[in-house]
Amino acid sequence: MENMNNDVLKISGLSAWFGSNQVLRNIAMNIGRNTVTSIMGPSGCGKSTFIRCINRMHDLTPGFRLSGSLVYEGTDIYGERVDPVALRRKIGMVFQQPNPFPRMSIFENVAVGLKLNGMKMPKSELAGRVEKSLRMAALWNEAKDHLSRPGTSLSGGQQQRLCIARALAVEPGILLMDEPCSALDPVSTGKIEELIEDLGEKYTIVVVTHNMQQAARISDFVAFFLMGDLIELDRSAKIFTNPSDKRTEEYITGRFG
Amino acid sequence: MTAARHYSEALGALKEMVLRMGGLAEQMVHNSVTALAERNLEMLAGVRPMENQVNKLHVEIDEVCLEMIALRQPAGGDLRFIAAAMKINTDLERIADQAVNIARRAEMLLAVPSLKPLIDIPHMARIADEMLKSALDAFVDGDDELAMTTIARDDEVDHLKDQVFRELLTYMMSDPTTIPRAMELILVSRALERIADHATNVCEDVIFMVKGKDVRHQGPLA
């Protein structure tokens, strides 16, 4: 926000529809490099739709329509020449439910991202990339002696960190997370949150969360969405101590609705 | 909505506790100064029991605030309200301490002949009392403008304190036997000045609570 040139993602006039139902209205916001931004709001406010727009996850959804502009590092995300698969290498996504590939080992689960993206490399280099990704996802120490075990043998929280490692392996420019902790217990949630804070120093992260305290803990910026509108975007400390909009205040103090 | 309703009720109850404490502190100051000015020893009797109540509320308010922070994770206006309540709590306890301080000095002064009729000290007490009342009203009503005008009155009290000191200095210079009594009165005026300072702190906390704006340490207000 302070330095406009350091914005990785610039969004303006973004509106989206499922059929005749408009779910996003004229959203304008920029995402700064190496920041963690939480997208917060009540159910149905459009927050998941919003982050899915960022890596074109709605492309195949029947009846989905979008207008406005999303520009990632100078490239129009919805430009005609943009290959969605190549785009998703740059803009990775971690989902609510940990979804490691069931028949693959821990090692393969991380390496597969590289392979699927056609990134051929010698075995030793591949092993190095896998280790680096697992370290960044804070899973290396727990998994290094069991790399050949199935990814699904890990606990839920470990599986989610494995999915984060898989996303990180291809070195994305932005990491999108759609409620990454909502299926996890508090201890695993704590680990993922710590991880997000650490990763925020090197990565640009956009997290959708239902959990206000989580947004307050992990993010530099918070965007509050309500019924398809972006109500307020500001530094987390400002949003949670002195928000500018009355609707944000009502939401964070639990007096909503 | 039940949880939200309980939360609102808890916030309301907290506000009531702060007000009760403020009322007690106010009464303590009033009784101490009136006892001194009117040479009425009986008025001091209630001060000590009120101090016990204030001390009890001091602990209880902090407990309630901490519990709300831990259990409700307040944000926005609620967070600022709870933070203000904790700080106001401390200031009210100190005001009560100063009232006890005045009461002790009044006890001593009432045991000896009066040095002079008291004019400026009751005047100071009146302003300090009005400031405290306004500060508490501003807290209840979330009235930042009232808080702002109340802060401005602190200068009057400071000015009177200097005046009291200058006047008593002339007594002490002309007759050294007046020194013990004059010193007690100077310390009473000092206590009243501190009370006005604490009322000012309360007002600053109210402005933060309402506006989210920190006005402390910014020199005289425009």
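## A walk through chains A and B

Let's start with strand E6 (residues 91–94) of chain A, which is covered on both faces: Ile91(A) and Met93(A) are buried on one side, Gly92(A) and Val94(A) on the other. Buried here means that 20 or more other C-beta atoms lie within 10 Å of a residue's own; 12 or fewer makes it exposed, anything in between partly exposed, and the C-beta atoms are placed from the backbone. Helices (H or I, at least four residues) and strands (E, at least two) are DSSP runs, numbered from the N terminus. In a regular strand the side chains alternate between the two faces of the sheet.

Before going on, a word on what you're looking at: this is a predicted model, in which local features need pLDDT of at least 70 and side-chain atom pairs count only at pLDDT 80 or more, while totals for chains, interfaces and linings use all residues. Residues are numbered from 1 along each chain as its sequence is written, and chains are lettered from A and ligands numbered from 1 in the order in which they are written.

Back to E6(A). This strand runs parallel to strand E7 (residues 174–178) of chain A, and 4 bridges join the two. Across them, Ile91(A) has Ile174(A) as its bridge partner, and Val94(A) has Met177(A). Now step back to see the open sheet of 6 strands, with the order E6-E7-E8-E3-E9-E10 in chain A and mixed pairing. (Two strands pair if DSSP finds at least two bridges between them.) E6 and strand E10 (229–235) of chain A stand at the edges with a single partner strand each, so one side of each has no neighbour in the sheet. From one strand to the next, the twist averages 20 degrees.

What lies across E6 and E7 of chain A? That's H6(A), running at about 170 degrees to E6(A). Axes here are lines fitted to C-alpha atoms, for helices over the stretch in contact, and angles run from 0 to 180 degrees between N-to-C directions. Contact, in turn, means that the C-beta atoms of two residues, placed from the backbone, lie within 7 Å.

Helix H6 (156–169) turns up again with helix H3 of chain A: the buried residues of H3(A) pack against H6 as well as helix H4 (123–136) and helix H5 (140–143) of chain A. H3 itself spans residues 106–116, and its buried residues are Ile106(A), Asn109(A), Val110(A), Ala111(A), Gly113(A) and Leu114(A). Just after this helix, Gly118(A) takes a positive phi of about 70 degrees.

Next, find Ser188(A) in helix H7 (residues 186–199) of chain A. Is Ser188(A) buried or partly exposed? It counts as partly exposed, because it has 19 C-beta neighbours inside 10 Å. Leaving aside residues up to four places away in sequence, Ser188(A) touches Gly156(A), Gly157(A) and Gln160(A).

Most residues other than glycine have a negative phi. Yet Glu179(A), which is not a glycine, has a positive phi of about 45 degrees. Glu179(A) sits in the loop between E7 and H7 of chain A and counts as buried, because 21 C-beta neighbours lie inside 10 Å. The other is Asn26(A), also with a positive phi, of about 50 degrees. Asn26(A) is in strand E2 (residues 21–32) of chain A, and its 14 C-beta neighbours inside 10 Å make it partly exposed.

On to chain B, which has 7 helices and 0 strands. Buried residues make up 43% of its 222 residues. The C-alpha atoms of chain B fill a box of roughly 70 × 40 × 20 Å along the principal axes.

The largest nonpolar core has 139 residues, and those with the most contacts inside it are Ala25(B), Ala128(B), Ala135(B), Leu192(B) and Val206(B). Such a core is a set of buried Ala, Val, Leu, Ile, Met, Phe, Trp, Tyr and Cys residues joined through C-beta atoms within 7 Å. Helix H7 (residues 179–211) of chain B gives the largest share, 15 residues. Among the residues that Ala25(B) touches, beyond four places away in sequence, are Val54(B), Leu92(B) and Leu132(B).

Finally, where the chains meet, 11 residues from chain A and 10 residues from chain B make the contact. On the chain A side, helix H8 (212–218), helix H9 (236–241) and helix H10 (246–252) each give two or more residues.
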